[in-house]
Amino acid sequence: MFELLILVIVGYLGVGLLVAIPMAIRGVNRFDGAARDGTWGFRVLAIPGLAVLWPLVLLRWISAGASS
């Protein structure tokens, strides 16, 4: 049971990294005007948070893309 929990957490974070990296590079420019001028250091620091919250930021990214 513990192995399954670890596998689910690793899978969740793996998908999170797949979403967070392109989000930090390009996606954040679409829905946050303040982050548009963010430095690379800011973008690297945002990756862990984006990886953990990937379902929310992905929905926001999709909705921002649909509205623009």
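A residue is termed buried when its relative accessible area is under 20%, exposed when this area is over 50%, and partly exposed in between, with a 1.4 Å probe and protein chains only. By this criterion, 24% of the 68 residues of the protein count as buried. The structure is a predicted model, in which local features need pLDDT of at least 70 and side-chain atom pairs count only at pLDDT 80 or more, whereas totals for chains, interfaces and linings use all residues. Residues are numbered from 1 along each chain as its sequence is written, and side-chain values use heavy atoms, with hydrogens and water left out.

The protein contains three helices and zero strands, and its pattern along the sequence reads α-α-α; helices (H or I, at least four residues) and strands (E, at least two) are DSSP runs, numbered from the N terminus. Taken along the principal axes, the box filled by the C-alpha atoms is roughly 45 × 30 × 15 Å. With contact defined as heavy atoms within 4.5 Å, 70% of the contacts with a separation of 6 or more are accounted for by residues 24 or more positions apart.

The geometry of the helices was compared with an expected span, which is 1.5 Å times one less than the number of residues. For H1, a straight helix of 30 residues would span 44 Å at 1.5 Å a residue, but the end C-alpha atoms of H1 span only 38 Å. H1 also bends by about 65° at Ala24, the bend at a residue being the angle between axes fitted to the seven residues ending there and the seven starting there. In helix H2 (residues 40–52), the 13 residues should span 18 Å at 1.5 Å a residue, and the separation of 19 Å between the end C-alpha atoms agrees with this value.

The buried residues of H1 are Gly16, Val19, Ala20, Met23, Ala24, Gly27, Val28 and Phe31, while in H2 the residues Arg43, Ile47, Leu50 and Ala51 are buried. A nonpolar core is taken as a set of buried Ala, Val, Leu, Ile, Met, Phe, Trp, Tyr and Cys residues joined through side-chain atoms within 4.5 Å. The largest such core has nine residues, namely Ala20, Met23, Ala24, Phe31, Ile47, Leu50, Ala51, Val57 and Ala64. Helix H1 (2–31), H2 and helix H3 (54–67) each supply at least two residues of this core, and the largest share, four residues, comes from H1.

Arg43, found in helix H2, is buried, with a relative accessible area of 8%. A salt bridge requires a side-chain nitrogen of Lys or Arg within 4 Å of a carboxyl oxygen of Asp or Glu, and for charge Lys and Arg count as positive and Asp and Glu as negative, with His and the chain ends not counted. Arg43 has no salt bridge, and the nearest side chain of opposite charge, Asp37, is 7.1 Å away. Not counting residues up to four places away in sequence, Arg43 touches Ala24, Ile25, Val28, Asn29, Ala35, Arg36 and Gly38. The C-alpha atoms of Arg43 and Ala24, 19 residues apart along the chain, are separated by 5.3 Å.

Gly38, in the loop between H1 and H2, is partly exposed, with a relative accessible area of 22%; its C-alpha atom is 9.9 Å from that of Ala24, 14 residues apart along the chain. Asp32 also lies in the loop between H1 and H2 and counts as partly exposed at 32% relative accessibility. A separation of 9.6 Å is found between the C-alpha atoms of Asp32 and Ala64, which are 32 residues apart along the chain. Arg26, by contrast, has its place in helix H1 and counts as exposed at 64% relative accessibility, with 9.0 Å between its C-alpha atom and that of Arg36, ten residues apart along the chain.
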